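Here is a friendly walk through a structure with more than one part to look at. Please keep the view open as you read.

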Amino acid sequence: MVQVNNNTPIVLRVKFYKKGSLQYISHLDLVRTMMKVIVRAKLPLWYTEGFNPKPKLTFAAPLSIGTESMCEYMDIRLTEKIPTAIAKERLNANMTDEMQATEVYYPGEKLTALKWLAYEITLEIKDATPELAEKINSVLESEELQVFKKTKSGEALVNIKPLIKSASARVAGQRIMISCILSADPSAFLNPEYVIKVLKEKCGILSDDNLLEERYSIMRTNAYKENMTLFS
Amino acid sequence: MQKNDNISGILKSVSKPGRYIGGEYNSIIKNKADIKCRFAFAFPDTYEIGMSNLGVRILYDVLNKESDIWCERVYAPWPDMIEKMEQYAIPLSSVESGDPVRDFDLIGFSLQYELCYTTALRMLKLSGIPMWSKDRCESDPIIIAGGPCVYNAEPVAEFFDLINVGEGEEVLVEISRLYIEMKEDGSYSREAFLHKAASTIEGVYVPAFYDVSYNDDGTIKEYRPIFDDIPTKIKKRIISDLDKVSYPEKLVMPYIETVHDRIVLEVYRGCIRGCRFCQAGMVYRPIREKSPETLCKAAKCLYENTGYDEISLISLSISDYSKLRELTDGLLEWTDDAHVSLSLPSLRLDSFSEELMEKVTSVRTGGLTFAPEAGTQRLRDVINKNVTEDDLKRTIGIAFRGGKNNVKLYFMSGLPTERDEDIVGIADTAKTVVDCYFALPKTERPKGGVSVTISVACFIPKPFTPFQWEKQDSLEELERKQKLLKESITDRRIRYTYHDAKVSRLEGVLARGDRKLAKAIALAVDEGSIFDAWDEYFDYERWVSVLERSGIDTDFYTTRGYAEDETLPWDIIDAGVTKAYLLRERKKAYAAETTPSCAEHCNGCGANKLGGKNVWCK
């Protein structure tokens, strides 16, 4: 059925977290999941025109498998404004504990204003010593960080250093924590897994033969605009 | 610490980790303190396939409606995950709680097709549970099998403690209740429990309680129950009234893409047609329909609880549903506005109408699939597939005028009485479809040309069908016919795909096998067989080798043909349809005589003795 849709959609922004087991869900699967969440939540959804009308969802900076996040952003298109508190309540009732909206609002800025993302990387490794943290810091501070990176034309050796705004490691109990801010610009997006990859190569940590005892986790913690003010 | 934290390193190293995490919306978590029976519903294939299975969805819901039973799901890990689990000594666990499967009380395997047997047994090994029923001790869970394969589960019977024959909604709850009761009053032991289940619950088959003896030629002499109070034949269970049986109101929502990721409405059970090769059409009798009111209510409820944008109406032949118009009209009252589309997976050539096509494709375009099954009218009469070439032409005309230009046709080769002209007839039938396209005036043809795909399966004689005694074509003969068909197709618009004859050979052995096969199956599992239904893991050479080393002559189960007076491995089961009826149908097949559908005439199949509220048999 072809539906005529004269109204311009109203954009509703959802900031949500996606953590725990849900780090293993791909971006494509997240989109599919959210499509059903917004239907169950009975929001006044705006549908695309044409032969096969669908709701439209837009996400900022897709999260890759293996990364958790406290700051995901999704834009939903509505046919009418509804109170944000109601939208938040209904969305959360239709998602599980590991994925919940923290803020729901009608945004003033486009998703593309998001340029930098902060991550906390936790290394659970046997020798989480100040010496190792020091070594990691010296690697991260090098002039150049060459790594084989997927590009549009296959794999290439790329210097990822310019894509790292800041990065520093410290010892926290039995672990090493690395705080970093990486580029989220679609044309120069840096997946934090590349930081892990560099450290695996240069510091010899996280062996693949001991997956139960040597492991890491990544949490996306904050989003920034170009001028390093918080994105919202 | 969260459920999957300790294995995060492993999850990051395997393909599709989303298969293993659980935590899906609508999945059921219960407080262990309230639970008296933990039931693991095990599906011997991947998460994506298992999550699509309607039987699992229904039984998961039924068991979890009991407050003191917690049913959780278990799927087969992909080989990359299995390798890691074995390397790090991680036992197979359930999706919901992540608890090891071996700690459950009851484990129910759903056996959907013969090629899943090795996967099921590998899952037991991964759980640390002995593979053979006789090797299990008091602390091991009770291992149950159910599903369509149990109409002849003899090849795997000795691996299971208990087999649920027929529909499981009532039986599984009764089994669980008996387990709880005997645990509570202290009378539980494996033997006592199995004995009581076999003697008091209809539809329960405990293989260990039946001694099988053989004649010198390898055929079965007899099944002898070792107790007086257990049935000599296990009568399958059916649900009497499908409007009253519980149907899920919620579905577990997979995070990752599954095979059938949509709402599935089961419209009726059974089939009025009586195609002579079709096991499902025989063993799901008698026909029991749901009312359109029940179905419409269920559909709305499922939509609200899932958010799916597609509802699939399923049954063996949806256009035979006596109230199809009321049902589709009832659904279309709200589905269009909600942007929900209807789909029908099974359509018969003789009952396909413009109106039906209009209703099911209001949102979607694409192709249509039909199953003429055989290439000539004579052979279609032999198999009682009551469709004609005129039906095909009429239907294809409707499809083309409705904008479909992609037609898929299903056939079988190796059918009883088949001659080479029947094989060539498959190519001719496909050509007829192409010709139908060009016979249309240019303005009425769908854009983009026409494409016809013919998919040809190898016929496998199945238990409880009129063809259960037939010879299966040899591997060489099947491959010769595949080649003949390939050479008979001259039109480039016809695409030809066919099943691997080697796979069909093994399926044939397992489908009509007896308990003598168990040793070979166990050996195949020990030597690495798993996911036999997956091309990349099917190892025919290994199967040939283990069967040979176990002293099995595979011709015995395939090309031999079974005698009409021989005791069949599946004679231990009473599936409703009688042997007399199957024999009558077999004779009619050889005379190329058709049998009318149940809607026209009662053919006395015998399934009506099982009872059940239904439209056709009174």
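## Chain A at a glance

Please keep in mind that this is a predicted model. Chain A holds 4 helices and 10 strands. If you trace them from the N terminus, the order is β-α-β-β-α-β-β-α-β-β-β-β-α-β.

The C-alpha trace of chain A spans about 65 × 35 × 35 Å along its principal axes. Chain A has 232 residues, of which 32% count as buried. Taking the contacts in chain A with a separation of 6 or more, 74% come from residues 24 or more positions apart.

## Where chain B touches chain A

How many residues of chain B are in contact with chain A? There are 28 of them, and they meet 25 residues of chain A. On the chain B side of this contact, helix α1 (residues 8-11) gives the most, with 4 residues.

The side of chain B that touches chain A has 13 polar residues, 11 nonpolar residues and 4 charged residues.

## Two domains in chain B

The domain assignment of chain B gives domain 1 as 5-235, while domain 2 is made of 241-364 + 581-618. Between the C-alpha centres of domain 1 and domain 2 of chain B the distance is 28 Å.

The two domains of chain B also touch: 20 residues of domain 1 are in contact with 20 residues of domain 2. On the domain 1 side, the elements that give two or more residues are α2 (47-50) and α3 (54-64) of chain B. Of the elements there, α3(B) gives the most, with 5 residues. By class, the domain 1 side that touches domain 2 of chain B divides into 8 charged, 8 nonpolar and 4 polar residues.

## A closer look at helix α10 of chain B

Helix α10 of chain B covers residues 324-335.

Which residues of α10(B) are buried? They are B:Leu324, B:Leu327, B:Thr328, B:Leu331 and B:Thr335. Looking down the axis of α10(B), you will find these buried residues within an arc of 90°, which means that they line one face of the helix.

Technical notes:
Residues numbered from 1 in each chain as written. Chains lettered and ligands numbered in written order. Predicted model: local features only at pLDDT ≥ 70, side-chain atom pairs only at ≥ 80, totals over all residues. Buried ≥ 20, exposed ≤ 12 C-beta atoms within 10 Å, placed from the backbone. Contact = placed C-beta atoms within 7 Å. Expected span 1.5 Å × (residues − 1). Arc of directions from axis to C-beta. Nonpolar A, V, L, I, M, F, W, Y, C, P; charged D, E, K, R; others polar. Domains from an automatic or database assignment.
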